[in-house]
Amino acid sequence: MKIALAGNPNSGKTTLFNAITGKIESVGNWPGVTVEKIEARLKPKYYKETKGTLVDLPGAYSITPFTGEEVVTRDFINNEKPDVIINIIDASSLERSLFFTTQLLEFNVPVIIALNKQDLVKKHGIVIDINEMSKVLNCPVVEIIEKDNIGLDEIVDKVRGLSDSKKKQKAKRIKNDDLEIEDQLRQEYVKELVKTVIKKRKDTSKITKSDKIDRVVAHPIFGIGIFYVVMLGVYSFSINGLGGFLSGYLNDTLFGEIIPTVSADFFDKLNVAPFLKSLIVDGALAGVGAVIGFLPLIIDRKSTRLNSS
């Protein structure tokens, strides 16, 4: 069985490929182009029941070829006739992803949609109804979270089921002799589709605790005063607080008294020439002490900034 993995660039396609195959890929070049060709068998646990090879097609935004990658994707589906296409779509860029999906569905090759990054959009109060999407597009839709391996088993099960059934998917066809008009019609269809499948949005009129804090600290007048107080506290703590104490100890005590005294006694016992002893103690060690003594002020100030942010 030959399975094609298609999707927009940066949609998580390669991560899904590695997760399903275990990243035991065969790398080569597509004929006539320099675009890398990657394919591999499914993981052993999947391959036992679904003996297939997964081909990672180059990322593409459209089947209408404008780049070398899109030419490769179109020609592979047209000429190689894969048994199933796994189309990974980015939930955070749903409209752009579905534009490509509607084109894939017109090839009369079974398509499975892997909806990625749904967990991210849910944090913003957006819920995508995968059942409604599956109904409208007439193809299986599986929600996946690649980093947690959620949905991968279901994807492979759907692939096996579609391959065994040999059932063709009926897709809405959008065709026009003028390619520009066809793209406009497709875009309008996708916009309506997105409105249909997105069931819930965050109530932007609701004021959150973060909004209340922002109104105060980012206020055009009060915000300046708050910034001044915070920065004054940061620098006061750095200079007069812990940073000042450590700097004073390193400069005045450690490198001012302890190390010079111990070093001078050590060199006297070795009968080191006075000029050489002075060069090491008063020159090298004193210089190192001056630099190290300044570090607490820098480190303390930087850590205070990070904590305040």
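**Exercise 1.** Find which helix gives the largest share of the lining of the largest cavity.

*Solution.* The model is predicted, so local features need pLDDT of at least 70 and side-chain atom pairs pLDDT 80 or more, while totals for chains, interfaces and linings use all residues. Residues are numbered from 1 along each chain as its sequence is written, and side-chain values use heavy atoms, without hydrogens or water.

Step 1. A cavity is a set of points on a 1 Å grid over the protein atoms alone where a 1.4 Å probe fits but cannot get out; lining residues have an atom within 4 Å of a point.

Step 2. The whole structure holds one cavity of 30 Å³ or more.

Step 3. Helix α7 (residues 152-165) supplies the largest share, three residues. Helices are DSSP runs (H or I, at least four residues), and strands are E runs of at least two, numbered from the N terminus.

**Exercise 2.** State how many residues of helix α4 are buried.

*Solution.* Step 1. Buried means under 20% relative accessible area, exposed over 50%, partly exposed in between (1.4 Å probe, protein chains only).

Step 1. In α4 (residues 94-104), nine of the 11 residues are buried, among them L94, S97 and L104.

**Exercise 3.** Describe the surroundings of P9.

*Solution.* Step 1. P9 sits in the loop between β1 (2-7) and α1 (13-21).

Step 1. Leaving out residues up to four places away in sequence, P9 touches G59, A60 and Y61; contact means heavy atoms within 4.5 Å.

Step 2. P9 lies 88 residues from S97 in sequence, but 9.7 Å from S97 in space, C-alpha to C-alpha.

Methods. On a 1 Å grid over the protein atoms alone, a cavity is a set of points where a 1.4 Å probe fits but cannot get out, and a pocket is an open set with protein on both sides within 12 Å along at least five of seven lines; lining residues have an atom within 4 Å of a point. Grid points are joined across faces, edges and corners, and a volume is the space filled by probe spheres set on the points.
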